Amino acid sequence: MNTPKATVSKLLSFSCVDGPGSRMVLFLQGCNFSCATCHNPHTMALCNDCGDCVAACHAGSLSLVNGHIHFDPAACDQCDECLRVCPIHANPMVQHMDLPEVLERLRRDSVFLDGITVSGGEATVQLKFVTALFKAIKQDQSLAQLTCLIDSNGHLGPAGWKQVLPWTDGVMLDIKAMDPETHMRLTGRNNGKVLESARYLHEAGRLEELRLLVIPGLTDSVAEISALATFIKTLDPATPLRLNAFQHHGVAGPARDWPAADRACVERVAAMLEGAGLSAITKPAVYL
């Protein structure tokens, strides 16, 4: 039987920052946003086999074979120079993994795990695989105790969510900005589907948490925070909201020159949200 395959940018066997508890994290390649502040810009595009990365690979782990990039993980020393030189923000080191491969990894490590999180890139770009994976986990007696979470930008319609939600325990949803023009500047997309997704997931009981990246001068204004608080209160004032501080680590392009968010900036945003009646605000534990 043919099973869907995933294009995987990276697999983390263990993480404690990608959802509750200890989690395996599958970072899928490809995204439908072009976020200026993305900390993993190499997960945005799919490799077009241009070959620029081959010359940059001093370890010889990349080569062109029959017009396609070939990656030898045994030779790679993880210098990531290939990611820095890629002109389209792709990752030549992707893995193509099918369901049995991922399930076997989960079985091997399941005694140490509370669940799996599928992130990206954007997880829902590979919706068929995510749906099949979560369904297989929930139908496997040795894995069914694991929670299945999605980390998403929310640019998915109700028909898509209906496919995956029966097998999903929760979605961690980014709200990049409330103002449509600011959202367009930050992502290249309108935020209509994102807000629709937040409403839909809340009504379905699958909204694990909302997330806001605090960017000084863009998403920390009184107008932005007021609009966000008003929106969340239409869902439930107790909806979990995680504040992340914009930092420069991994960022490419003009946003590297934007000011980073320090503790004082985030504390000010948190105070405004709490003053507006929100009761479940999580602030960063560390600032890079």
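Let's start in helix α3 (residues 99–109), where Arg 107 and Glu 104 both sit, 3 residues apart, or about one turn of the helix. Helices here are DSSP runs of H or I with at least four residues, strands are runs of E with at least two, and both are numbered from the N terminus. The model is predicted, so local features need pLDDT of at least 70 and side-chain atom pairs count only at pLDDT 80 or more, while totals for chains, interfaces and linings use all residues. Residues are numbered from 1 along each chain as its sequence is written, and side-chain values use heavy atoms, with hydrogens and water left out.

Side chains of opposite charge can pair when their charged atoms come close. A salt bridge here is a side-chain nitrogen of Lys or Arg within 4 Å of a carboxyl oxygen of Asp or Glu. Arg 107 and Glu 104 form one, with their closest N and O atoms 3.9 Å apart. Arg 107 is partly exposed at 35% relative accessible area, and Glu 104 is partly exposed at 47%. For these labels, buried means under 20% relative accessible area, exposed over 50%, and partly exposed in between (1.4 Å probe, protein chains only).

Arg 107 also has a salt bridge with Asp 140, where the closest N and O atoms are 2.7 Å apart. This pair links distant parts of the chain: Asp 140 is in the loop between α4 (127–138) and β7 (147–152), 33 residues from Arg 107 in helix α3. Asp 140 counts as buried, at 15% relative accessibility.

Next, look at Asp 109 and Arg 108, whose side chains meet in a salt bridge of 3.3 Å, N to O. Asp 109 counts as buried at 12% relative accessibility, whereas Arg 108 counts as exposed at 51%. Elsewhere, Asp 151, Glu 209, Arg 211 and Arg 242 are linked in a network of salt bridges. The count comes to 11 salt bridges.

Now for a pocket: on a 1 Å grid over the protein atoms alone, this is an open set of points with protein on both sides within 12 Å along at least five of seven lines, and lining residues have an atom within 4 Å of a point. The second largest pocket has a volume of about 310 Å³, volume being the space filled by probe spheres (1.4 Å) set on the points. Of its 15 lining residues, the closest to the centre are Ile 69, Pro 92, Val 94, Gln 95 and His 96. Strands β4 (68–71) and β5 (95–98) each supply at least two lining residues, and β4 gives the most, with 3.
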